Amino acid sequence: MTELVHTRAELAAARKALDGTVGVVMTMGALHRGHEVLLRAARERADSVLVTIFVNPLQFGPNEDFDRYPRTIDADLEICRRAGVDVVFAPAVADMYPDGQPRVRVHPGQLGEELEGQSRPGFFHGVLTVVLKLLQLTGPDVAFFGEKDYQQLTLVRRMTRDLDVPVEIVGVPTVREPDGLALSSRNRYLSPGERGAALSLSAALRAGAEAADAGAPADAVLAAAHAALGSGTPGARLDYLVLTDPDLEPGPVAGPARLLIAARVGTTRLIDNAPIRLAPRS
């Protein structure tokens with residue numbers, strides 16, 4: 001039986017009743033099959049599973065989609081029940097930020113100002129602030145994050161290491177539609193034509209990965225990804241396409257690497273990424 005709680009006091013009581021290892025999955029709701037994979041991963045690793053559902057205003061810019069972000073709590077609860085979630089914490093904004101906008105926030109450092117952070121100033125300040133608050137409130141042993149939001153996953157791992165937060169961070173591979181489109185709550189905003197254009201993101205990643213598998217160097221991998229993006233269905237306006245190491249650190253890349261892409265399709269901004277392995281430099 002899944003217990004739904006809304007306040008800090010209710011959460012504290014519910015958390016105290018959980019047995020054994022506790023896993024947490026943090027979401028903004030509008031759950032889909034990608035979230036279900038996260039829930040199953042948590043269920044397999046932890047004795048008790050706690051899910052948070054909170055649309056965090058701190059991570060939305062002034063021209064972004066906070067008001068129209070889908071809120072589907074009844075459907076979300078049904079998914080949690082089917083997955084065997086023990087507790088769902090769905091606070092109001094006033095419960096998460098009782099004093100209003102927090103004056104003290106987590107600074108993500110240089111990495112938080114690049115890629116998504118460059119396109120969305122202040123985004124990761126809001127993400128890391130709410131993640132840290134939710135880790136403090138839920139007190140989990142292990143937390144599960146999807147690899148689709150790879151920069152977020154990397155920064156959360158760095159934050160917990162640098163600030164000595166006693167929690168294990170587990171990344172779960174991206175879940176895709178049969179045609180390759182990465183699952184996202186924002187996919188519902190796409191028209192049929194825009195959805196076709198959105199496939200160019202995964203096509204670019206696939207082309208880059210295939211080039212890497214064939215032994216191509218980093219610049220050729222990026223060139224192959226750009227070529228695939230340009231030859232696809234028109235309509236995706238590229239924000240960035242980069243190749244970096246698994247920790248998103250600067251410098252030459254060899255061996256395990258990550259290819260990341262962001263583009264706007266219509267009014268919807270989409271991100272995706274894929275792990276690749278580069279051949280050793282000669």
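Asp164 lies in the loop between α7 (150-162) and β6 (168-172), where helices (H or I, at least four residues) and strands (E, at least two) are DSSP runs numbered from the N terminus. The model is a predicted one, in which local features need pLDDT of at least 70 and side-chain atom pairs count only at pLDDT 80 or more, while totals for chains, interfaces and linings use all residues. Residues are numbered from 1 along each chain as its sequence is written, and side-chain values use heavy atoms, with hydrogens and water left out.

Most residues other than glycine have a negative phi. Asp164, although not a glycine, has a positive phi of about 55 degrees, and Leu115, in the loop between α4 (93-96) and α5 (116-119), has a positive phi of about 50 degrees. Asp164 is exposed, at a relative accessible area of 66%, whereas Leu115 is buried, at 15%; buried means under 20% relative accessible area, exposed over 50%, and partly exposed in between (1.4 Å probe, protein chains only).

Leaving aside neighbours within four places in sequence, Leu135 is in contact (heavy atoms within 4.5 Å) with residues including Val24, Met26, Met159 and Val165.
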